[in-house]
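Subject: Structure handover

Hello,

Here is the structure we talked about. My notes on it follow below the entry.

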Amino acid sequence: IQPPEKPLKSEEWNRLRENFQSPEVFEEVMLNSMIKNNSPIDVAKSLLTQVAQSNGDIAYNLLVKYLALCVQQGQTAEIQDMYDIMKIRFKTLESGAYSLLIKGLSNSDQWKIALSLLEEVKKIMIPSRTCYESCIKAAGRHQEMSLAFELYHEMLSKDLMPTLDILKALFDFSRGMKDAELQKELFGILLHLRENQIYPHKTFMRSIKLWFESIPGGNWRGHLTNIKDSGQCPVCSHQLEDSDLTEEEYNNLRERIIKDVIHGTDTFRKTSPQEFEAFQTFVENRLPFDIVIDGLNVSHIKLKKMQCENLFDAVNYLAKGNTRVLVLGRKHMLSNSSNWRREIMKEMQNKADFFFAENISEDDAFLLYATLQSGKHCKFVTRDFLRDHKACLTDSLTRHLFRKWQRGHQIVNILCKAEKMFLSVLTQQPAFRYDCVVQTTGDTWHIPYKDIFEEKYSYQVPRKWLCIQRKL
Amino acid sequence: MQSANVLLKKIIRCSVLPFAAQHGMNKDLFPLSRTLSLSVCLKQDNSCSPSEKIDLDAWKKVMKSGLQEEVSETVSEPKELSALAAAREILEMWRLAGRSVPENMSDEQLKTFMECPSKSAKKKYLKYLYLKELHKKNDKKKMEEKRERKLATQEQASETDKTKNTSFVCLWASSMDRAYSWRAAQSMVFGQPLVFDMSYENDMSVREVANAVRQLVLSESSNRRSVDPFHIHFCNLKDDSLYRKEFVKHYREAWDKLLITVTDQCYTEIFPKDKLIYLTADSPKVMKTFDHDKVYIIGSMVDKSIKTGVSLARAKRLGLETAALPLEKYLLWNSGAKNLTLDQMMHILLTLKDTGDWKKALEFVPKRKYCGFVSRPVHELKKTLNLINTLKLGKTQQEVQKQFAKNYSKKLTQK
């Protein structure tokens, strides 16, 4: 239903209600539609007046909806009035009303009330990120940076991931301030981005840049740039961190893969202890490999071709020179069938090592194990994103490590479009040589950023960078 | 009279109270001035011409004024509240805000609510309770209507004919029960065993266990009512398990009198290994015929979070043969997981045992999960399925696939 444009009198509201199909929810639906259409609050007021006159009371949900309308339009005086009404009317409120009041009041000169409301919310539950966002922004707006950071740390301690808006606000409000403590806090935020592999968006990046350049006596200068494939920054010619894991990280990841992905809750779910042991001895005896291929995945690259031919092309392409190749497959590939010709399989086995798992076992787990066991130089070939295996890892830190390792070591086969008609040539997608994460050397900062706020798949990394260096 | 009073109070509340306050009127004086103020109010009403502005803040006065009494009530209450009472209060506010919150909650439920690890878990639990309450209410309403209708028809019936001449005493329910029990007892001696594996408690949440037991109760009852029942074995059922607790909740005293075998032993200890076949949807082998000499095992597991391969892993560990129902072969599968509920499995196995007819047996697969029985070659049916999808989605299957492939390769090149 379309809300009216002007305030109506009681009788007029009554008439509208009678024409509405379910009169008992008329007010609710009407207020919802007012929120959607952003109607003037006077219209809503006239409706509430009508309700108050006919019922002598206004239900809580209607009040909250009216409050939402006021907050949406930034009617601070009205929000304060609503706060008074709610306070005397109800002993406690629920989360929706609290967050609306916090959002509304934090924009007024009564912003301290918002803080006290936040305290009240904390008593009954963990406040939402947006509640914190309103309070932090309010504190920042009134130059109470220490309070803002206190709230920020409180969020982190409650395992709430601060929104990018909060982080951006902290940079914005600290602009031009000369305070060593504050600087340390903001560097802390940048390290938080690094640790959690968060990439700022363009406007946030601009806030960071402006803040750096505004530090009195800091002499910081920022430039936007693209990093070369070699990992060198064209502006300051600094070499970015490489994407290799440290020894400790690498060992940690390998252990977790064996523990969480291969064994999990029950080794029998993905393989069997005998089979895994057999695979382990097989790998130990032939180490190290340079490339591990997921045979079944690669064999499906071209649907029109026989599966073993696809695999044959891949093995031929990769097993040149001294490259040691391991192909993982399942036992059914050995039975001579229309898709798996015995002669071709035989020929392939001369060029590469093969391991055939049971038909009901998961070969991906073996793929990960063999690659990790071979060492840091070893890469693996599959089009699979391996998301389900990543999901088996129990903590987010290891998942990040896995993603980073995957970025550096997975080769995704794609067919060259030009040569598609003639040959099935595999092109290796260059695995990233540098690590795409916020990084610093003290005198320089390199911050990758996204062009647009949303448009990025989680497996993609941004190619644009902000380079900040200190001119001494 | 009372309603007239309420109306009066309302009118006074909204228009007179501010007036009274302005003139320094005491609240105690109020009853005396009632008649007077009403006339004032009426007069105001008359003077209000249609062109005059509407008082937009009148409702605020109402909201603020109606409060004095209520506030004094709340103040007298003890300030410090227990955690439970506080939670109750929040729930009440949520309910007022129109969220799906049950009206009544026991202390036990409230505790479970507070122990939920996250906000979304809390929300889900509340919604579950809310829906349960709603269903209960609706059922009650329906039952009452039914009873009334029944009473009405009975009255009519008693008026029309007095007595019927029958040679049987009307004792249907109990005599049927006796017959069923007799059959079940026979099956305990001569019947083909059917094993329910009760070793999945650690893989399930409390609610999943409750659901599993409910399905088992249904299975048991349909088995009892069948012409040639199975001899049901509940294996790996520990005495202190949640399963058992739930069973006792359902069956009460009847639990000990059930004509089934309950044991904490594993099926491998009771039956020879080569006779056992573990039924699991993940099995690579597809069941062709029902074998009357084998012992089929069904895992008593409800997995809402789709834990693939759990029961297959169990069979692999014990080195048992596995089998899956030939759903793909006989049904044109549409959507939904291939794992069926325990009572559906029971129905299917009972029908197979009696008739050996797959078509009849697979009638018990929920209709929403498949489009039809495979009577023509599968590719022909796939065509009709595509047609259905085209009509439904406005897109052909191939287009969808092409779109998917395109997106997929795009993603890869972008990487």
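I start with one residue. Thr49(A) counts as buried, because its relative accessibility is 5% and the cut-off for buried is under 20%. Thr49(A) is part of helix α3 of chain A, residues 41-55. Residues up to four places away in sequence aside, Thr49(A) touches Asp55(B), Leu56(B), Ala58(B) and Trp59(B).

Please keep in mind that this is a predicted model. The scores are ipTM 0.78 and pTM 0.74.

Confidence by chain

For chain A the mean pLDDT is 85, with 94% of the residues at 70 or more. Residues 414-429 of chain A have pLDDT below 50, and this stretch makes 31 contacts in the model beyond near neighbours in sequence. For chain B the mean pLDDT is 78, with 71% of the residues at 70 or more. Chain B has a stretch with pLDDT below 50 at residues 11-51, with 29 contacts beyond near neighbours in sequence. In residues 68-77 of chain B the pLDDT is also below 50, and that stretch has five such contacts.

Chain A overall

Chain A contains 20 helices and 11 strands. Its radius of gyration is 31 Å, well over the 23 Å that the globule rule gives for 472 residues, so chain A is more spread out than a compact globule. The C-alpha trace of chain A spans about 90 × 65 × 45 Å along its principal axes. Of the 472 residues in chain A, 51% are buried. Taking contacts in chain A between residues at least 6 apart in sequence, 70% join residues at least 24 apart. Chain A exposes about 21,900 Å², and 49% of that comes from carbon and sulfur atoms.

Details in chain A

Helix α9 of chain A covers residues 145-157, which is 13 residues. From first C-alpha to last, α9(A) reaches 18 Å, close to the 18 Å expected at 1.5 Å a residue. Which residues of α9(A) are buried? They are Met145(A), Leu147(A), Ala148(A), Phe149(A), Leu151(A), Tyr152(A), Glu154(A) and Met155(A). As background, an α-helix has 3.6 residues a turn, so residues three or four places apart point the same way. After α9(A) comes Asp159(A), which has a positive phi near 65°.

Gln197(A) also has a positive phi, about 50°, although it is not a glycine. For context, most residues other than glycine have a negative phi. Gln197(A) sits in the loop of chain A between α11 and α12 (202-214). Gln197(A) counts as buried because its relative accessibility is 17%.

Leu328(A) is in strand β3 of chain A, residues 325-330. With a relative accessibility of 2%, Leu328(A) counts as buried. What is Leu328(A) in contact with, leaving aside neighbours within four places in sequence? Its contacts are Phe279(A), Val292(A), Ile293(A), Asp294(A), Gly295(A), Leu296(A), Phe355(A), Asp363(A), Phe366(A) and Leu367(A). Leu328(A) and Glu94(A) are 234 residues apart in sequence, and their C-alpha atoms are 56 Å apart in space.

Chain B

Chain B has 17 helices and eight strands. Its domain assignment gives domain 1 (2-97), domain 2 (100-165), domain 3 (190-375) and domain 4 (380-409). Between the C-alpha centres of domain 2 and domain 3 of chain B the distance is 30 Å. Buried residues account for 34% of the 415 residues of chain B. Among contacts in chain B between residues at least 6 apart in sequence, those joining residues at least 24 apart make up 73%. The accessible surface of chain B is about 26,800 Å², with 55% belonging to carbon and sulfur atoms.

Asn236(B) lies in the loop between β2 (231-235) and α10 (242-251) of chain B. Its phi is positive, near 60°, and Asn236(B) is a residue other than glycine. At 12% relative accessibility, Asn236(B) counts as buried.

Regards

Definitions and conventions: Residues are numbered from 1 along each chain as its sequence is written. Chains are lettered from A and ligands numbered from 1 in the order in which they are written. This is a predicted model: local features need pLDDT of at least 70, side-chain atom pairs count only at pLDDT 80 or more; totals for chains, interfaces and linings use all residues. Side-chain values use heavy atoms; hydrogens and water are left out. Helices (H or I, at least four residues) and strands (E, at least two) are DSSP runs, numbered from the N terminus. The expected span of a helix is 1.5 Å times one less than its number of residues. Buried means under 20% relative accessible area, exposed over 50%, partly exposed in between (1.4 Å probe, protein chains only). Domain bounds come from an automatic or database domain assignment. The radius of gyration is taken over C-alpha atoms; the globule rule is 2.2 Å times the number of residues to the power 0.38. Contact means heavy atoms within 4.5 Å. Accessible areas come from the Shrake-Rupley method with a 1.4 Å probe; for residues, only the protein chains shown count as cover. pLDDT is the predictor's confidence in each residue, from 0 to 100.
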